[in-house]
Amino acid sequence: MRIVDIRERAVPLNSTLSNSSFDFSEMTTSVVAVITDCVRDGQPVVGYAFNSTGRYACGAQMRDRFIPRILRADPASLLDATGENLDPQKIVACMMQREKAGGHSERSIAIGTIEVALWDAVAKVERKPLHRVLAERFNGGKKIADRVFCYVGGGWYFPGQTIKDLQDEMRRHLDAGYTMVKMKVGGLPLSEDLRRLEAVLQVVGSGDHLAVDANCKFDRENAFAYAKALAPFKLRWFEEPCDPLDYGLMAELAQMYDSPLATGENLFSTQDVKNLVRFGGLRGDRDVIQVDPPQAYGIAQYARTLSQLDAMGWQRSGLFPHGGNQMSLHIAAGFGLGGAESYPGVFGDFGGFADDARLTEGKLNLPERPGIGFEGQAKLYRIMRELVA
Ligand code: MG
């Protein structure tokens with residue numbers, strides 16, 4: 001078995017939304033196809049992935065360094081011990097040749113996206129859904145639940161939006177079967193954000209059904225002001241109050257804000273997550289870490305991050321992979337994490353799950369298609385297929 005080719009294309013997300021810090025008008029993502037010569041059901045196995053949402057396409061690094069390194073390698077050196085399937089960890093080691101330590105995000109998204117596409121291929125070769133392969137390899141083969149908790153990352157800012165629009169949006173999420181929603185904060189003055197928050201609470205009922213996300217907006221003074229104002233609502237969590245690397249300020253907030261804090265989607269290495277827990281004052285009994293595996297060297301590296309967190313006494317129920325897509329759903333299920341997020345109708349063809357996914361009482365049924373199962377997302381799969389046409 002060998003990798004025949006790896007192809008990438010940048011695709012615009014076409015979103016008009018904004019969070020507290022930036023709008024998505026220029027946002028793109030890299031779609032990747034790893035084409036193999038292994039045949040299943042009469043077709044060559046192709047592994048697909050995209051680099052999640054919120055970071056721009058990264059095809060330049062892939063084409064200049066990572067894809068040529070893989071295609072130049074001896075194909076046998078990229079296989080697992082059986083010789084009949086790819087070994088993503090060996091292929092990451094191949095991509096990491098001649099790479100200097102540190103500077104993770106310059107390459108972690110490109111490498112991680114290719115790595116997740118490799119896992120799609122690995123699971124297709126095994127004729128299993130990826131969540132099952134991950135549970136077997138990384139979670140002691142534990143029988144995983146048939147359904148995974150999933151909440152909505154919503155409550156965005158958009159031009160002309162009224163409080164009623166926001167409440168209608170939240171009602172739609174509840175009607176669709178979700179039991180927890182997240183909304184943006186920090187895009188308006190505190191008093192207006194609180195009006196939005198109280199309006200959403202009227203719809204969802206209580207703070208444990210609602211999280212807020214500040215997208216790293218606040219300096220120290222504003223972070224404290226929001227933490228004080230949010231505390232009485234006892235929200236499910238307060239996400240990314242400050243710069244993702246300001247562990248000192250996170251530690252101060254953890255001292256004065258009792259309800260859960262959340263962060264991690266803008267960390268790209270195991271070392272950064274370790275430092276976050278060690279110096280950011282995070283509390284293993286309640287706080288939430290949200291690494292985005294395709295943006296942080298991929299799934300095998302995520303498994304290493306999890307063993308570090310396990311060793312530091314962190315609960316898996318406090319881990320929610322960022323992304324709101326089929327990749328993070330498999331990862332949440334396979335590793336037995338707290339749950340996944342969802343962005344219904346937000347990121348065009350890249351948000352959401354299989355077209356036949358069913359959501360009941362806030363939980364999503366797991367897909368049974370081989371691999372990640374992008375084949376079950378008609379609009380997204382049409383984009384992916386173009387890479388191999
Ligand atoms: Mg966020």
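I take contact to mean heavy atoms within 4.5 Å. On that basis I looked up Phe335, which touches Leu134, Phe138, Asn139, Ile299, Tyr302, Ala303, Leu306 and Arg316, leaving aside residues up to four places away in sequence.

I note that this is a predicted model, in which local features need pLDDT of at least 70 and side-chain atom pairs count only at pLDDT 80 or more, while totals for chains, interfaces and linings use all residues. Residues are numbered from 1 along each chain as its sequence is written, and side-chain values use heavy atoms, with hydrogens and water left out.

I then turned to the domains, whose bounds come from an automatic or database domain assignment: domain 1 (3-127) and domain 2 (137-373). Their C-alpha centres lie 24 Å apart, and the contact takes 40 residues from domain 1 and 40 residues from domain 2.

Between domain 1 and domain 2 I found a count of 1 salt bridge, a term for a side-chain nitrogen of Lys or Arg within 4 Å of a carboxyl oxygen of Asp or Glu. I also noted that Glu126 forms a salt bridge with Arg137, the closest N and O atoms being 2.7 Å apart.
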